[in-house]
Amino acid sequence: MDRLPHTGVSTTSPSDLSPSRAPLTTVAVVGLGTMGTGIAEILARAGREVIGVDINESACRRAVTALEVATARAVHRERISERERAGILDRFRVSTDLRAAADAELVIEVVPEDYDTKHEVFAALDTVVSPSAIFATGTNALSVTRLAAESAHPERVLGLHFFNPAPAMKLVEIVSSVLTAPAAIEAVTALARDLGKEPVALGDRPGFVADGLLFGYLNQAAAMYEAKYAAREDIDAAMRLGCGLPMGPLALLDLIGVDTARTVLEAMYAASGDRLHAPAPILGQLSEAGLTGRKAGRGFYTYEAPGSATAVPDAATAEVRHSTEGARPVRAVGVAGSGTMASGIAEVFAKAGLEVVLAGRTLEKAERAKARIGKSLERSVSKGRMTSRAREQALERITAADALDAFAEVDLAVEAVAEDLVVKQELFKVLDKVCKPGAVLATTTSSLPVVACARATSRPQDVVGLHFFNPAPAMKLVEVVRTVLTADDVRATAHAVCAAVGKHPVDCGDRAGFIVNALLFPYLNNAVKMVQEHYATPDAIDAAMKLGGGYPMGPFELLDVVGLDVSLAIERVLHREFREPGLAPAPLLEHLVAAGCLGRKTGRGFREYAKA
């Protein structure tokens, strides 16, 4: 970066940061990349005078063009008038000279994530702007406190972290150091609300809330891919379909920039010492090779061109994916269990035209499960998703039974009983005896070793994991878990069955958590640690992940829905399997479970709920 011009003017008078200060009406944005340009657009649209500063003349021109295009699009969509557009454009001016920011009441710095670069900007600003001007850094990885300490007026320095794309994303993280004046926070918070954003006030730590949780998850996904545990497409599909996320983690890393992610993780690791934050080696390898994601045209995926969002096939794209070649025919299915998951899976198979035997511990339990399916199908009829005749036909395909002997002629037996290895192993011993030769035996476990179930039989090659997600009729994802003993045609059969019932299968190996839970629950655990450390409240964290990350639910909403006891059990399994200290369950979670606060099902978890 070229050195920024200094005026030589010394500014030594104390900052005027009184609570009664006037609203911020003139704002300078230093750094006109994608984020800086987006922030400038928001400010100009909200009636602020905006000074865009960048040492690169072409960046200045691109910023002006981007605003012209964005406002023209808004006029075309009748969101603003031509007169309003002209006003927005008039309020935005650009310069390559930092002295243009002299009249700004707020300066937002959005230059590259490098201490030296940011310090140079702040030092130059100290000699240019009024002592009462507020300095905001857009960093999401570096220490706001360190930047403030190096400023002539540390009390006016804070963090103002917008999310990309800035015009669309509602969240703004407002970060104070121990030196920041409360009046500066109040002024910037009021501005954020006036911009139509949702401000969340936080203390200074790398990643803050949203990126602090997000980048740990992204790092683990990169490590999972690097270990060749699952294909990149399967990792991304699993998190989109299993968790309702707008993008898979590897595609998101390409969008953010692999080099940017590596920088953020380096800062997080330096602060936390948690090995889960140590950047996965593949991030360094891709960065050093210049394969930084969409902006370079290649990262985890290959794109049509630099800057394109369209991925194209490359050497890592499997020529034959999820092959069903050699699959065994499946016409009849047995489902063992009578709970919500068992009845949901039985419904899926019956709606797809397969004959289903639903076996409970008693005939009464099996009949109740079938009645539950009938109610579910009736809801589909009332919503116009199926006809009454189709409902009747689906129910006719389900036979309730009170013993696994009824599975004698099924082609696929699916176990969906309690998540207890001893119980499952005993059930598989029975299936081994009653099911015909060649029948595929499947477990729906979400956390137990599939091979331990397989070894309870005399035909472990016929055993596979079929991890459906709840509610099974609605959720598209199925994790197909192959053990070291699973036969090729059994895996092919699992994929053929998923295709027949309209599910999206993803392949993974037999290790704790498979794909989804192995990535999801450490993220949830880290959210609990943030609350435990009094860094942020559950409400602030939930808002950050929904508004800043596009998550359908915040981590504490999800924990209360899943059940804190269930979450704790899965986290213990992950910790036991991988031996990572960072995966140890948060003590706060253990304390809540010990107190019987398990979430919605008990009326109290991280929040309290009205009794039904």
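Colleague: Which residue forms a salt bridge with glutamate 580?
Modeller: This is a predicted model, in which local features need pLDDT of at least 70, side-chain atom pairs count only at pLDDT 80 or more, and totals for chains, interfaces and linings use all residues. Residues are numbered from 1 along each chain as its sequence is written, and side-chain values use heavy atoms, with hydrogens and water left out. A salt bridge is a side-chain nitrogen of Lys or Arg within 4 Å of a carboxyl oxygen of Asp or Glu. With the closest N and O atoms 3.2 Å apart, the partner of glutamate 580 is arginine 275.

Colleague: How many residues apart are glutamate 580 and arginine 275?
Modeller: Glutamate 580 sits in the loop between helix 21 (564-578) and helix 22 (587-594), and arginine 275 in the loop between helix 10 (258-272) and helix 11 (281-288). Helices (H or I, at least four residues) and strands (E, at least two) are DSSP runs, numbered from the N terminus. The pair links distant parts of the chain, and its separation is 305 residues.

Colleague: Which parts of the structure hold arginine 491 and aspartate 507?
Modeller: The side chains of these two residues, arginine 491 and aspartate 507, meet in a salt bridge at 2.6 Å, N to O. They are 16 residues apart in sequence, so the bridge ties together helix 17 (residues 488-500), which holds arginine 491, and, holding aspartate 507, strand 18 (residues 504-509).

Colleague: Is arginine 491 buried or exposed?
Modeller: Buried means under 20% relative accessible area, exposed over 50%, and partly exposed in between, with a 1.4 Å probe and protein chains only. Aspartate 507 is buried, and arginine 491 is likewise buried.

Colleague: What is the relative accessible area of lysine 546?
Modeller: Lysine 546 and glutamate 557 meet through their side chains in a salt bridge of 3.3 Å, N to O. Lysine 546 belongs to helix 19 (residues 538-549) and glutamate 557 to helix 20 (residues 555-562), so the pair ties together parts 11 residues apart in sequence. Glutamate 557 is partly exposed at 26%. Lysine 546 is also partly exposed, and its relative accessible area is 33%.

Colleague: The side chain of arginine 459 reaches the backbone oxygen of which residue?
Modeller: Arginine 459 lies in the loop between helix 16 (450-454) and strand 16 (463-468), and is buried, with a relative accessible area of 8%. Contact means heavy atoms within 4.5 Å, and beyond four places in sequence the residues in contact with arginine 459 include Leu431, Cys435 and Pro437. A polar contact is a pair of N or O atoms within 3.5 Å; within protein, one must be able to donate a hydrogen and the other to accept it, and residues adjacent in sequence count only if both atoms are side-chain atoms. At 3.0 Å, the backbone oxygen reached is that of aspartate 432.

Colleague: How much space lies in the second largest pocket?
Modeller: On a 1 Å grid over the protein atoms alone, a cavity is a set of points where a 1.4 Å probe fits but cannot get out, while a pocket is an open set with protein on both sides within 12 Å along at least five of seven lines; lining residues have an atom within 4 Å of a point. Grid points are joined across faces, edges and corners, and a volume is the space filled by probe spheres set on the points. For the second largest pocket that space is about 1200 Å³. Of its 45 lining residues, the closest to the centre are Met341, Ser446, Asn470, Val562 and Val566, around a space of about 1200 Å³.

Colleague: What is the relative accessible area of histidine 534?
Modeller: Histidine 534 has a positive phi of about 60° although it is not a glycine. It lies in the loop between helix 18 and helix 19. Histidine 534 is exposed, with a relative accessible area of 73%.
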